[in-house]
Amino acid sequence: MSEPAAHGTTTISDRAFAKIAEQLASEDEHVTGLPHVSASVCGAVAAVHCDLAVRYPAPVPRLAAKIREHVRRRLRELTGIAVENVDIEVVELVPERRSGRKPERRGGDERRPRPV
């Protein structure tokens with residue numbers, strides 16, 4: 001009987017990892033629009049940065065902690081890569097509309113956000 005062939009490796013690019021994280025960060029009902037996400041993957045460890053627009057009123061620090069943990073846990077489950085750091089920046093607070101429609105994220109705002 002012959003020895004089984006050695007297993008290869010799977011590499012996930014920073015861009016692909018960021019796209020997965022983008023989807024995960026947008027899953028919370030308080031996040032409006034598509035988040036801007038960047039990621040850095042080095043072997044089996046990664047760091048993620050998310051810029052989010054959040055519907056207001058929302059408990060921003062608690063929401064950021066919830067999204068941070070969700071992104072970290074699900075990225076590990078989906079990719080096998082440990083996420084050491086998930087930075088969340090709320091770059092816009094969007095007032096809820098009374099029509100029941102989800103407001104869209106506006107672009108072009110040049111104000112510098114405060115990290116949460």
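Which residues touch the most other members of the largest nonpolar core? In this predicted model, they are F17, V48, L52, I67, V71 and L75.

## The core

The largest nonpolar core holds 26 residues. At least two of its residues come from each of these elements: α1 (14-25), β1 (31-42), β2 (45-56), α2 (60-79) and β3 (82-95). The largest share belongs to α2, with 6 residues. In soluble globular proteins, nonpolar side chains tend to be buried together.

V71 shows some of these contacts. Leaving aside residues up to four places away in sequence, V71 touches A21, L24, A25 and V86.

## The helix α1

Six names make the list of buried residues in α1: F17, A18, A21, E22, L24 and A25. They lie on the same side of α1, because they cover an arc of only 165° around the axis. Their cover includes β1, β2, α2 and β3.

The length of α1 can be checked too. Its 12 residues should span 16 Å at 1.5 Å a residue. The end C-alpha atoms of α1 are 16 Å apart, so the two values agree.

## The whole chain

The chain has 2 helices and 4 strands. Starting at the N terminus, their order is α-β-β-α-β-β.

The chain counts 116 residues, and 35% of them are buried. Its accessible surface is about 7900 Å². Carbon and sulfur atoms account for 51% of that surface. Consider contacts between residues at least 6 apart in sequence: 66% of them join residues at least 24 apart.

Note on methods
Residues numbered from 1 in each chain as written. Predicted model: local features only at pLDDT ≥ 70, side-chain atom pairs only at ≥ 80, totals over all residues. Heavy atoms only, no water. Core = buried A, V, L, I, M, F, W, Y, C linked by side-chain atoms within 4.5 Å. Buried < 20%, exposed > 50% of the residue type's maximum accessible area, 1.4 Å probe, protein only. Contact = heavy atoms within 4.5 Å. Expected span 1.5 Å × (residues − 1). Arc of directions from axis to C-beta. Areas by Shrake-Rupley, 256 points an atom, 1.4 Å probe, with all protein chains shown as cover.
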